[in-house]
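I opened this model to look up a few backbone and packing details. My notes follow in the order I made them.

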Amino acid sequence: MLATDRALGPLRRWGVELSVAVRPWHLPGLPALLRSARDAGVVVSLWPMLGDEDGRWANARNVAPYTALARRIVEALAAAGLPPAALHIDLEPPIAELRALLGAGRSSWLAAARSLAARSRAPGQGYAALAGELAARGVPTSAVVVPFVLGGGVWERLLGTPVDGAAWERVDVMLYTSIIEGWSRGWLTRADARAFLALCCRAALRRYGARAAVSLGAVGTGALGDEPIYRSIDELVDDVAIARAEGIEDLTLFDYGGVLARGDDWLRALVETPARQQPLVPTPRARAALWVMGGR
């Protein structure tokens, strides 16, 4: 489906790079997709993901299989003369543990978090080695991270998502306001979520400087299948304006399947929305959420 003009045409029209999730079973069809994208004038970067039985996302528990998959992708495309624009290393806890954590009731959330921490204490230095290796091969890497890591190394260790110490070209913080609001179980309103976005943009710039990037969303559901999504395009316009007002211009929209289902005006909003004229004033609950993370 991604190799069709219906999928590639809007990306070309709005000058948007396509980031493609690559599971191990997608490898045989990857060269054909990159050729179609190249012919259509669309830049493609890749998002390696393991099978769910191996945790899906990169974390301290699956360094060996994840780095092996990343190498297989780069080597296969190098042999085909089709290097990707970049590799995005999505650092998140294993999907089974994340599902358990999200499904835990309020009374058992801390117990679920402690259990996750106990299973995530492997060091994961292999991702720094992978980033250096790929950089030497001319393939830039991005770390895609949950907002908790803005609070520092304690969250990296707790979640098993090692970010610091690697030569990432960019660090992309997933600040999906629809999910932040929806998964707060009523504690954060839309107003709080948008204020939290502004605070996290500021924290990302302080922590990562010019490497800071932000992912916005969600337009469509993702790996879990039930992620809360934007109620309307107006929420995306608002989020883009907030992020740009805070100095973040490197923006990613999650996800393209949702855009294809809801219309390419969502790409226009991502590209053409200007910054807010006035920075957003944080709400007390947004400040409290940042404090819980250890951010400032």
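I began with R185, which sits in the loop between α8 (177-183) and α9 (190-208). Helices here are DSSP runs of H or I with at least four residues, strands are runs of E with at least two, and both are numbered from the N terminus. The model is predicted, so I note that local features need pLDDT of at least 70 and side-chain atom pairs pLDDT 80 or more, while totals for chains, interfaces and linings use all residues. Residues are numbered from 1 along each chain as its sequence is written, and side-chain values use heavy atoms, without hydrogens and water.

**Positive phi.** R185 is not a glycine, yet I find a positive phi of about 55 degrees for it. Its relative accessible area is 38%, which makes R185 partly exposed (buried is under 20%, exposed over 50%, partly exposed in between, with a 1.4 Å probe and protein chains only). I then looked up R56, in the loop between β2 and α3. R56 also is no glycine and has a positive phi, about 65 degrees. With a relative accessible area of 11%, R56 is buried. For background, most residues other than glycine have a negative phi, and most peptide bonds are trans.

**Cis peptides.** I noted a cis bond from G217 to A218, with omega near 10 degrees. A218 belongs to the loop between β6 (212-217) and α10 (233-245). Another cis bond joins F254 and D255, at an omega of about 0 degrees. D255 is in the loop between β7 (251-254) and α11 (256-262).

**Strand β1.** S19 has S45 of β2 as its bridge partner. From β1 the chain passes through α2 (residues 30-40) to β2 in a right-handed β-α-β crossover, meaning a clockwise path from the first strand over the helix to the second when the strands point away from the viewer.

**Helices α3 and α6.** The axes of α3 (residues 63-79) and α6 (residues 126-136) come within 10 Å and cross at roughly 10 degrees. The axes are lines fitted to C-alpha atoms over the stretch in contact, with angles from 0 to 180 degrees between N-to-C directions. α3 is therefore roughly parallel to α6 (angles under 35 degrees). Residues in contact (heavy atoms within 4.5 Å) include Y66 and R71 of α3 and Y127 and E133 of α6.

Note on methods:
Parallel < 35°, antiparallel > 145°, perpendicular 65-115°, else oblique. Pairing = 2+ DSSP bridges.
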